[in-house]
Amino acid sequence: MNQPSSLVVAISSRALFDLDESHRIFEQEGREAYCRYQIEHEDEILAPGVAFPLVRKLLAMNDRLGAPLVEVILLSRNSADTGLRIFNSIQHHGLDITRAAFTGGRSPFKYVAAFGAHLFLSAEAGDVADALNDGQAAATIITAPARGSDSDQLRIAFDGDAVLFSDESERIYRSAGLEAFAENERVAAREPLPGGPFRNFLAAVHHIQTRFDADSSPLRTALVTARAAPAHERVVRTLRAWNIRIDEALFLGGRDKSQFLAAFGADIFFDDQRSNCEAASRHVATGHVPLGVANPPDDEGQTAARDG
């Protein structure tokens with residue numbers, strides 16, 4: 001795997017800012033009313049959205065790194081006209097975001113790869129699904145109040161199967177049960193798991209971490225998984241084979257993850273199971289990864305929004 005030279009995160013306007021009122025107008029009155037509203041209110045600054053604290057911490061890392069190694073790019077279904085309010089708000093909040101794609105109502109997912117982004121965060125489920133199917137790491141931000149941990153350190157938590165790793169083991173669990181899953185992981189303990197959609201994003205995060213020792217890193221990561229012994233060994237050996245550091249690994253054996261995420265102080269958590277995401281979103285910003293056996297077609301609950 002080639003080492004990334006920087007960490008690039010693409011984000012939609014509705015994940016970055018609170019656009020609930022604009023979204024309501026779009027859904028109830030249509031595109032033209034939405035466009036008029038945005039233009040009429042383009043000098044009114046938008047309040048932070050659920051992913052705003054995450055973006056602020058991402059951009060602040062450049063000061064710690066002493067180099068512009070982290071970039072955030074805006075990908076939006078707005079037009080350039082209606083997107084003016086977005087950029088006015090970016091400037092007001094002092095966010096160093098200069099690159100953007102405004103697609104005028106079309107899905108911006110193809111620009112994820114074009115910009116070389118390692119991660120795409122959006123409130124639009126369909127755009128996220130398109131990006132994942134295109135081989136990109138992507139997650140649907142669960143609507144919740146903007147929040148971040150009190151620490152200056154950026155803390156990112158990941159589920160394992162179908163996020164960092166493929167869902168092949170999860171498929172065994174769902175088709176044959178827990179005992180068959182545990183036996184498969186015991187037998188294959190020394191066989192690295194195939195990578196999931198977030199493997200390359202984790203590698204880019206790890207590349208930044210290698211510039212610091214563990215105690216001074218501006219980034220801290222955690223694996224928060226329902227796995228438990230003996231299924232833990234294959235995970236540990238997989239990360240070792242990838243030469244990727246995970247700072248904390250929580251093997252919960254099926255326990256609810258929410259309180260553990262709060263204890264870790266996560267700024268964001270990624271999981272493939274919607275129920276886990278809904279529970280976690282009460283404590284931390286959460287991204288649903290609608291991929292794999294836990295997300296059959298149309299299970300994500302596609303939204304008609306087009307202002308993401």
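Modeller: A salt bridge is a side-chain nitrogen of Lys or Arg within 4 Å of a carboxyl oxygen of Asp or Glu. This is a predicted model, in which local features need pLDDT of at least 70 and side-chain atom pairs count only at pLDDT 80 or more, while totals for chains, interfaces and linings use all residues. Residues are numbered from 1 along each chain as its sequence is written, and side-chain values use heavy atoms, with hydrogens and water left out.

Biologist: What makes Glu-185 and Arg-234 a salt bridge?

Modeller: Their side chains meet at 3.1 Å, N to O, and the limit is 4 Å. Glu-185 lies in helix H9 (residues 178-187) and Arg-234 in helix H11 (residues 232-242), so the pair ties together parts that are 49 residues apart in sequence. Helices here are DSSP runs (H or I, at least four residues), numbered from the N terminus.

Biologist: Why is Arg-234 called buried?

Modeller: Buried means under 20% relative accessible area, exposed over 50%, and partly exposed in between (1.4 Å probe, protein chains only). Arg-234 has a relative accessible area of 1%, so the residue is buried.

Biologist: How many disulfides does a search of the whole structure find?

Modeller: The search finds zero; a disulfide would require a pair of cysteine sulfur atoms within 2.5 Å.

Notes. Helices (H or I, at least four residues) and strands (E, at least two) are DSSP runs, numbered from the N terminus.
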